[in-house]
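Please open the model in your viewer and keep the selection panel within reach. The tour below goes from stop to stop, saying what to select and what is there.

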Amino acid sequence: MPEDFHELHIAGIVQETHDARSYILAVPESLREAFRYRAGQFLTFEVPWDGMRLHRCYSLSSAPETDPWLKVTVKRVDDGRISNWFNDSVKVGDSILVQPPEGRFVMRSNEGDHGIVLLGGGSGVTPVLSILKSALRTTTRDVKLIYANRDEHSIIFKGDIDLWLAEFPERLEVIHHLDSDSGLMSIGEVQEHIRGWEDGEFFVCGPTGYMDTVEEAFKAANIDAGQTKFERFISPIDPDRKDASAAVVPEQSDDEIPESFKMLLEGQSHEVPYEKGLTLLASAVKAGHKPPSSCEDGYCGCCMALLKSGEVNMATHDALEPSDIERGWVLACQARPALRRRVLGSLGHGCYFPGRRQAMTSIGVGASAPDFTKTTQNGDTISLSQFRGEKTVVLYFYPKDETPGCTVEACTFRDSFEDFVEAGAVVIGVSQDSEKSHKSFAIHHRLPFLLVSDRDKALQKAYGVPKTMGLLPGRVTYVIDRDGTVQHVFNSQLNAKKHVREALDVVKQLAA
Ligand SMILES: Cc1cc2nc3c(=O)[nH]c(=O)nc-3n(C[C@H](O)[C@H](O)[C@H](O)COP(=O)(O)OP(=O)(O)OC[C@H]3O[C@@H](n4cnc5c(N)ncnc54)[C@H](O)[C@@H]3O)c2cc1C
Ligand code: FES
């Protein structure tokens with residue numbers, strides 16, 4: 001388990017139902033970046049218990065775009081240790097050890113306007129509520145929540161859900177299923193509820209039996225595994241019972257064991273010595289590296305690694321979907337080499353780590369900004385050098401016109417446009433979209449600033465703008481002073497509004 005636990009204070013507690021409470025966490029300014037998150041992610045808590053340090057994950061029921069605080073919701077489990085400790089003993093003002101947010105149970109950004117179907121059972125509603133809020137607030141996608149509970153008194157967030165329904169009656173549909181009325185939800189009922197939403201993106205979280213029913217219904221409805229995500233609410237094996245789990249580890253014969261394997265981590269290649277019995281993750285940690293990981297029990301998916309060659313065996317792989325395995329993804333915390341042939345893994349590429357794994361841009365503060373000549377949405381040609389000695393330039397690279405994050409960012413620049421002008425700055429947006437696309441984006445959102453088209457990616461390359469997760473074009477903002485020197489760089493795919501706030505602060509300082 002990585003050592004990145006931080007002490008946070010409990011700022012508030014909400015009694016949601018008779019057996020579930022929400023805990024609001026105060027995050028100090030110095031940890032804001034580390035605790036940035038995406039809707040659907042979870043926090044890992046460390047709690048001293050009976051001479052051990054137990055780890056428990058709790059999904060964030062808050063959403064970054066709608067709640068100013070981080071909130072988790074813990075439901076009592078019969079004879080469960082930490083869930084009952086939370087509900088009985090944790091008080092406002094207590095401090096608790098927490099690891100920054102992680103998890104892959106998040107919306108894909110390239111799903112266009114496909115609907116989102118959320119299936120939550122009991123406390124499994126927490127991550128799906130977070131996704132519901134984020135989707136309604138930041139996208140135009142329709143959302144359907146299918147929410148199963150034992151009885152009326154067990155429904156967590158009933159009031160919140162009603163408020164969202166009132167605000168988005170056209171886009172949100174909610175089905176409440178109560179076991180007390182009609183027994184456990186059946187495969188046929190799930191099929192009925194998802195009819196008409198077959199091309200959507202599906203998120204499922206709930207007790208094991210509920211998840212199994214939903215999985216069967218997906219099979220019957222021919223829902224592709226690539227459209228679905230499952231979050232399993234399980235506790236890790238106690239540290240003192242770990243040895244028992246070793247019994248399920250596949251045998252390795254001596255002639256299968258490589259002396260080392262090659263690992264790519266954050267763009268660097270490392271030769272990692274290998275010892276019989278260790279996982280790829282344990283070997284990497286032993287060699288002094290810090291690859292991403294969390295549960296180390298095969299269910300959170302944070303250690304996903306792409307196997308480029310060689311073979312491994314995994315004791316468990318709950319976090320992987322069949323399509324992940326087909327594409328060569330393995331869990332580094334579970335994977336042990338299966339053949340003497342060298343294993344070449346690429347660790348950490350499957351996980352998004354807010355604030356912790358941002359690639360660096362190659363043009364940094366103090367560098368001379370590369371000049372360029374490009375065409376704007378109005379068909380005019382502009383170059384950076386024309387502003388030399390005259391204006392501060394805010395050059396912001398973004399992934400794609402009309403996508404939710406880019407629309408938020410562009411509209412935030414629009415809303416602060418007068419402040420930028422007053423401080424003597426011009427704002428220029430850059431993406432690979434065509435001039436035509438820029439024109440309609442600008443008209444649609446009344447954008448008063450320039451957008452330039454970088455179809456050949458020359459500008460992106462000149463500034464060394466990195467891709468996010470090796471896939472999405474990066475979101476990076478540069479503030480360039482009147483002498484053509486870069487004074488500020490901000491690189492974050494998610495925090496679109498912060499790009500504007502930070503740029504404006506720097507522009508104002510330069511003007512002062
Ligand atoms: C990604 C993720 C997100 C999660 N999000 C949430 C959330 O938002 N809200 C929420 O309420 N929960 C959530 N969980 C579940 C949570 O992490 C805990 O698993 C849950 O609270 C139970 O923990 P516990 O310590 O109370 O129970 P445990 O002490 O782990 O016990 C769990 C069960 O195992 C039995 N048990 C315990 N010890 C033993 C033993 N030695 N031998 C046999 N049986 C035993 C207990 O009787 C009990 O039934 C999440 C889990 C994951 C992985
Ligand atoms: S660290 Fe959680 S699956 Fe490997």
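**A guided tour**

Begin at G196, which sits just after helix α5 and takes a positive phi of about 90 degrees. Before going on, note that this is a predicted model, in which local features need pLDDT of at least 70 and side-chain atom pairs count only at pLDDT 80 or more, while totals for chains, interfaces and linings use all residues. Residues are numbered from 1 along each chain as its sequence is written, and chains are lettered from A and ligands numbered from 1 in the order in which they are written. Helices (H or I, at least four residues) and strands (E, at least two) are DSSP runs, numbered from the N terminus.

Now select helix α5, residues 187-194, and colour V190, H193 and I194, which are its buried residues. A residue is buried if 20 or more other C-beta atoms lie within 10 Å of its own, exposed if 12 or fewer, and partly exposed in between, with C-beta atoms placed from the backbone. Looking down the axis of α5, you will find these buried residues within an arc of 90 degrees (taken from the directions from the helix axis to the C-beta atoms), so they line one face of the helix. An α-helix has 3.6 residues a turn, so residues three or four places apart point the same way. On the other side of α5, G188 and E192 are exposed. What covers the buried residues of α5? Select β7 (116-121), β8 (143-149), β9 (172-178) and α6 (208-220), which are included in that cover; here contact is counted when two C-beta atoms, placed from the backbone, lie within 7 Å.

Next, select ligand 1 and the 25 residues around it, of which D79, G80, I82, S83 and S235 come nearest; a residue is near a molecule if its C-beta atom, placed from the backbone, lies within 6 Å of it. The elements β4 (52-59), β5 (70-75) and α1 (81-89) each supply at least two residues of this shell. Domain 1 (6-102) and domain 2 (116-231) both give residues to the shell, so ligand 1 lies between them; the domain bounds come from an automatic or database domain assignment.

Finally, go to Q487 in strand β25, residues 486-491. Q487 counts as partly exposed because it has 18 C-beta neighbours inside 10 Å. Leaving aside neighbours within four places in sequence, Q487 is in contact with residues including V365, V506 and L510. Select G364 as well: Q487 and G364 are 123 residues apart in sequence, and 8.3 Å apart in space, C-alpha to C-alpha.
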